[in-house]
Amino acid sequence: MGQFSVQITASSGSGLGANQHRLAFSHGMTAQKLVDWVLEHFEQSVCDKYGWHQRKLSSMSPEAEQWAAWLSELTGVASLDRLTLAPYRHVLGTPGLAPKSDRWCPHCFLEDKENGETPYFRLLWDIAPATVCLKHKTELVSICPHCQKSNVRNRSAITVPGYCTSCGNFLGCGTPAAAAPEAMYVSRQVGKMLCSRPQLAPEGLVPLIKTVIETMADGKMTIFARRYEFSKSGVSHWLNNGGQPSIKAWLTIALHGGIDMEKLFNAEVADWVMPEKPVQLTLPMAESFRSGVRSRELDWEDIRSKLRVILDRAVPISINEAADEVGVGRKHLYLQANTEARAIGDRHRRYRAGCSNQRIADLRQKIGELLEERLAEGYAGISARDVWTALDVETRSVSGIFEHIAAVLAERMY
Ligand SMILES: [Zn+2]
Ligand SMILES: [Zn+2]
């Protein structure tokens, strides 16, 4: 066997498994034979546990990384590990990463064929939250249009990419549904993530998560978790026990923080500014972030009427505060009580802009947050004196401080 040549299009994010198929195909050998040959070349024996059909080469596993290294050496193409998810292992948790069944874009397959190329698999297709093709703006497909079977893409020992492993027909046909904007957003972010190897060092993850919480919730973990619907224990796991956020968690941070995945993974957060207006898009995620936890039945009539009461108050509060107060995530308020949520947001912005005494607003917000924290920690009742004790020296010295505390207490402790 002579030198291998393989066409690598890393920017389009083709998966390593796919490249291996292309390699095998262009040499007229089956994928299994290529595997045997590579293993023999490097004097490795096949471990039964990792049968070819089970090997997910686009995964984050050490095996995938090893394959990338071997194939890099054979092909002379550096950085083949970028075609696996291995470089993401220390920043990205595995739950929710692998799709439940193989997907593909028929238009991409068709284009490959029309361009005289062997159809190949794109890495993006192997990342569960990405459900649409960025190029063709249509949904990915997981069922063969000819035989209606799923998982027919590349689970077989003898695979010709782009053809159904069950009935043998070309998978590049059919007209998938147009992509929803939300799904396009997710695929775009996943694409950005795959564009470059993450620059974040393993020890940089905790500082990055701290920056995320600082920027998105003034450093308050409890508020961060509630506002963006993470479990408190999950966030604590990231901060204290070496846990990594799942891809859905990163996407949530990217969406609501108004920052690209690429920037997050490169820790380019120095000039990160939160968007002025809360994002109204919701992530089209199949499963809940809090899997296993049933979502509450919410009484939206009741919530809307509470929001209207908030609107009538003398001192406007922000939509985040209102969300915390009614105990519902901000994005849900925008979805289910849009009129009220917008009115609260607008009123607060006008108030902040025209506030003759900004300091008082800030002070009250500070008191409010402190109070929220205490209540979240399980304090049933709290006195003005308790609040005062917990404030910093500078804040305590503000004239009429007890009046402000009393006003915030009266507002918050309905
Ligand atoms: Zn496509
Ligand atoms: Zn088929």
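Biologist: Leaving aside its neighbours within four places in sequence, with which residues is Asn320 in contact?

Modeller: Please note that this is a predicted model, in which local features need pLDDT of at least 70 and side-chain atom pairs count only at pLDDT 80 or more, while totals for chains, interfaces and linings use all residues. Residues are numbered from 1 along each chain as its sequence is written, chains are lettered from A and ligands numbered from 1 in the order in which they are written, and side-chain values use heavy atoms, with hydrogens and water left out. Contact means heavy atoms within 4.5 Å. On that basis, the partners of Asn320 beyond four places in sequence are Arg227 and Arg330.

Biologist: Is Asn320 buried or exposed?

Modeller: Asn320 lies in helix H12 (residues 319-326); helices are DSSP runs of H or I with at least four residues, strands are runs of E with at least two, and both are numbered from the N terminus. Buried means under 20% relative accessible area, exposed over 50%, and partly exposed in between, with a 1.4 Å probe and protein chains only. Because its relative accessibility is 18%, Asn320 is buried.

Biologist: What is the arrangement of the four donor atoms around the zinc ion (ligand 1)?

Modeller: Donors are N, O and S atoms within 2.8 Å of the metal (3.2 Å for Na, K and Ca); water is not among the atoms, so sites may look incomplete. Here Cys105 (SG), Cys108 (SG), Cys133 (SG) and His136 (ND1) coordinate the zinc ion (ligand 1) at 2.1 to 2.3 Å. Four donors count as tetrahedral if all angles lie between 85 and 135 degrees. Since the angles around the zinc ion (ligand 1) are 102 to 116°, the arrangement is tetrahedral.

Biologist: How are the donor residues of the zinc ion (ligand 2) spaced in sequence?

Modeller: The zinc ion (ligand 2) is coordinated at 2.2 to 2.3 Å by Cys144 (SG), Cys147 (SG), Cys164 (SG) and Cys167 (SG). Of these, Cys144 is buried at 0% relative accessible area, whereas Cys147 is partly exposed at 23%. In sequence, the spacing of the donor residues is C-x2-C-x16-C-x2-C.

Biologist: How does helix H5 lie relative to H9?

Modeller: The axes of helix H5 (residues 181-195) and helix H9 (residues 247-257) come within 11 Å and cross at roughly 105°. Axes are lines fitted to C-alpha atoms, for helices over the stretch in contact, and angles run from 0 to 180 degrees between N-to-C directions. Angles of 65 to 115 degrees count as roughly perpendicular, under 35 as roughly parallel, over 145 as roughly antiparallel and the rest as oblique. Therefore H5 is, relative to H9, roughly perpendicular.

Note on methods. Tetrahedral: all angles 85-135°; square planar, octahedral: opposite > 155°, others 65-115°.
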